[in-house]
Number of protein chains: 2
Amino acid sequence: MERLPKRQRHQQLSRLLEENPFLTDRELTRKLKVSIQTIRLDRLELAIPELRERLKLMAERSHDSVKSLPLHEVIGDIVDLQLDKSGISLFEITEEHVFSRTGIARGHHVFAQANSLAVAVINDEIALTASADLRFIRPARLGEKCIAKAYVRSSGEQKGKAKVEVFTYVGEEMVFQGNFVIYRSAGETNT
Amino acid sequence: MERLPKRQRHQQLSRLLEENPFLTDRELTRKLKVSIQTIRLDRLELAIPELRERLKLMAERSHDSVKSLPLHEVIGDIVDLQLDKSGISLFEITEEHVFSRTGIARGHHVFAQANSLAVAVINDEIALTASADLRFIRPARLGEKCIAKAYVRSSGEQKGKAKVEVFTYVGEEMVFQGNFVIYRSAGETNT
DNA sequence: ACTCTTTTTGGCACCTGGTATTAAATCCTA
DNA sequence: TAGGATTTAATACCAGGTGCCAAAAAGAGT
C-alpha cells in the first residue's frame, strides 16, 4: 500500500499553515494541487480550524498576552516592602525566560528581578542603579519560582548612594547574589 | 440641535471596541440600542473596520511581532561577532524600557544588552553568566542608541570560564561598563 | 479482469458577518 | 411646514467557510 501521498500532503499542509496561518483553502489548493474538498477533509482529519478561527485564536492570544509582557515596569511581584530596609519579590521562570535548548534562565531575567527590587526598596523619587556586583550561583530553571530578598545595608541619605544586597533563592537554595549601589535623587539626579 | 447622542454613541462605540475588539455589529446593537445599520454607518464614519478585519490585523501584529519580541533570545542587534574575540551590538532605548516619569532606561535593559552580547561572543554550546561586575556610568535615555562592545579577555577553554569585558556607549560617551565571567560547557554543564 | 476499499472530486444548500445601494421613516429646528 | 440630518429597513451580493450526499478515480488483493 502506497499510503504515503496522503500523509505527505498532511505534513506539507501542517507545515504550510504553520509558517503562514493566513492561507485560505483556495490558496492551499494551488500549493498542493488537489481539490478544495480534499483540503477540507485534510483539515478535518488534522483538526485544523478554518482560516477565520485561526485568526481569531491568534488575535485572542495576542490580546491577553499584553498583560504577561513584563518588559515595562517591575520584574517580579513584590510581596513585601519595608522602604529603606528590605523587600521580597517573587518571579516564576517560564518558557520565555529560558534558553530553549537547555531550559536554563537567561541571566538578565534573574538580574532584572533583583535590580527591580533593589530600586523599589529605596524610598526616593528617583533611584537608579549605579553599579552592581553579581554572582550567579547556580542556574535557575524553567518552572522554578525565584524568591529575591533585598536588604538595604546603608541608605546614606546625604551621600546620594545606597547599598542594597539581594539574595535570590529557589526553595532553600541560593541561586543568585548581588550587591547593588543605587543613586538616589537626594544626592543627585543626572546630567 | 441635540447632536450629542450621535457623538456620544460614537465615543461609546470606540470605547467598547477598544476594550473588546471581538464584538460583532449585532452584539453592538444590543449594547447601544440602535439598529444594525446605524452601527455600520458609525463604523464607517469612525473608519473602524469590520470584525474579521480587526481580528486579521491583530493576528498579523502578533505574527510579525514574534521577530521583534526581544524577550526571548538576544537583546539588541548583534552587528559584528568574532567568536571568542569580540562583538558589537546595537540597542535603541524606547518607551517600554524607561521609567515613564524620567525617561531614563531601567538598568536591567542596559544590562540585558551587555549580558546577551557577552554570552553570544563565547563560542560554545552552552554559555551561562557566572558573575558580573557592573558600573552604570551615566543614565541612558529615551531614544538613545546604545552601542555595546564586548572583548573576550581570557577564553580559558580548559578552565570552563571565560572573562568578557563589555563597554556600552551612546555616541562617544560611555554609559555602562561590565566585567563578566561566563561559564562555558567545555568546563561543566550544570546540575 | 473483476471486486472491494480508500481517496478524491463535485455539487448543492446553508451559515456568519459583513458591504453596497436605494428607499422610506423620523427628528429637529429654523 | 419645508428641509437637512439621522435612523431604520430592505434587498442583493460576497468571502470563506460547514455539512451532507453522490459519483468518479485510484489502488490493492486475489
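## A walk through a two-chain model

At 8% relative accessibility, Thr129(B) counts as buried, where buried means under 20% relative accessible area, exposed over 50% and partly exposed in between (1.4 Å probe, protein chains only). Before going on, some ground rules: this is a predicted model, with local features needing pLDDT of at least 70 and side-chain atom pairs counting only at pLDDT 80 or more, while totals for chains, interfaces and linings use all residues. Residues are numbered from 1 along each chain as its sequence is written, chains are lettered from A and ligands numbered from 1 in the order in which they are written, and side-chain values use heavy atoms, with hydrogens and water left out.

Back to Thr129(B), which sits in strand β3 (residues 127–136) of chain B; helices (H or I, at least four residues) and strands (E, at least two) are DSSP runs, numbered from the N terminus. What does the side chain of Thr129(B) make a polar contact with? The partner is the side chain of Asn115(B), at 2.6 Å. A polar contact here is a pair of N or O atoms within 3.5 Å; within protein, one must be able to donate a hydrogen and the other to accept it, and residues adjacent in sequence count only if both atoms are side-chain atoms. Leaving aside neighbours within four places in sequence, Thr129(B) is in contact (heavy atoms within 4.5 Å) with several residues, including Phe180(B), Ile182(B) and, from chain A, Phe136(A).

How do the two chains relate? The same surface serves both copies, as 100% of the contact residues of chain B recur in chain A.

Now for chain A. Its five helices and six strands run in the order α-α-α-α-β-β-α-β-β-β-β along the sequence. Of its 191 residues, 46% are buried. Among chain A contacts with a separation of 6 or more, 59% are between residues 24 or more positions apart. In helix α1 (residues 4–19) of chain A you'll find Lys6(A), which at 37% relative accessibility counts as partly exposed.

Then there are the salt bridges, each a side-chain nitrogen of Lys or Arg within 4 Å of a carboxyl oxygen of Asp or Glu. Arg43(A) belongs to helix α3 (residues 36–46) and Asp25(A) to helix α2 (residues 25–32), both of chain A, so the pair ties together parts that are 18 residues apart in sequence. Arg43(A) is buried at 11% relative accessible area, and Asp25(A) is buried at 9%.

Glu144(A) pairs with Arg138(A) in another salt bridge, with the closest N and O atoms 3.1 Å apart, and both residues are buried. Over in chain B, Glu173(B) and Arg138(B) meet side chain to side chain in a salt bridge (3.1 Å, N to O). This pair links distant parts of the chain, with the two residues 35 residues apart. Buried or partly exposed? Glu173(B), at 43% relative accessibility, counts as partly exposed, whereas Arg138(B), at 15%, counts as buried.
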